[in-house]
Amino acid sequence: MEETGNLAFVLLAAQTIVLVAGTALLGQLVVGMFNWRARQQNIVYKTFELVASPFVKLVRLITPRIVLDQHIPVAAFMVLFIAYFWLGFEHRASCRADVAQASCEKWVQAWGTGAGRQ
């Protein structure tokens, strides 16, 4: 069980990173909608772009060249969206396997209130 000792924490940390990147992409869209033509000069837009750019570059790297560059942020958001929920389900499964792990306290609390360990 030593190798699963910190798995729940690692999954939760990865899920948080994915959440921040996805939120940055959403924030970039919202800020860009206010003034689309001058979005590249907006400091908030550039900050969101800085946070999300590693994930956007990774999606650009794995997608075929036929996919237009303007569609890559949307694809990156969809990948992050799916990854967020997948990591959440894996975190739950890891906590079900060993509730003594760090970062499983909320699951233990939820299962203790009658919800069961389904």
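This is a predicted model: local features need pLDDT of at least 70, side-chain atom pairs count only at pLDDT 80 or more; totals for chains, interfaces and linings use all residues.
Local features need pLDDT of at least 70, side-chain atom pairs count only at pLDDT 80 or more, and totals for chains, interfaces and linings use all residues. Residues are numbered from 1 along each chain as its sequence is written, and side-chain values use heavy atoms, without hydrogens and water.

**Helix packing**

Helix 1 (residues 7-34) packs on helix 2 (residues 43-62) at about 135°, with the axes 8 Å apart. That makes helix 1 oblique to helix 2 (angles under 35 degrees are roughly parallel, over 145 roughly antiparallel, 65 to 115 roughly perpendicular, the rest oblique). Contact means heavy atoms within 4.5 Å. Helix 1 contributes residues including Ile17, Val20, Leu25 and Val31. Helix 2 contributes Val44, Phe48 and Phe55, among others. The contact residues divide into 13 nonpolar, three polar and one charged.

**Aromatic cluster**

Phe77, Phe81, Tyr84 and Phe85 form one aromatic cluster. Rings pair if their centres lie within 6.5 Å; planes under 30 degrees apart are stacked, over 60 edge-to-face, the rest tilted. Phe81 and Phe85 both lie in helix 3 (residues 72-97), four residues apart, about one turn of the helix. Their ring centres are 5.2 Å apart and their planes at 70°, so the pair is edge-to-face. Tyr84 and Phe85 also pair edge-to-face, at 5.4 Å centre to centre and 85° between planes.

How accessible are these residues? Buried means under 20% relative accessible area, exposed over 50%, partly exposed in between (1.4 Å probe, protein chains only).

| Residue | Relative accessibility | Class |
|---|---|---|
| Phe81 | 42% | partly exposed |
| Phe85 | 41% | partly exposed |
| Tyr84 | 27% | partly exposed |

Terms used: Axes are lines fitted to C-alpha atoms, for helices over the stretch in contact, and angles run from 0 to 180 degrees between N-to-C directions. Helices (H or I, at least four residues) and strands (E, at least two) are DSSP runs, numbered from the N terminus. Ala, Val, Leu, Ile, Met, Phe, Trp, Tyr, Cys and Pro count as nonpolar, Asp, Glu, Lys and Arg as charged, and the others, Gly among them, as polar. Rings of Phe, Tyr and Trp (its six-membered ring) pair if their centres lie within 6.5 Å; planes under 30 degrees apart count as stacked, over 60 as edge-to-face and the rest as tilted.
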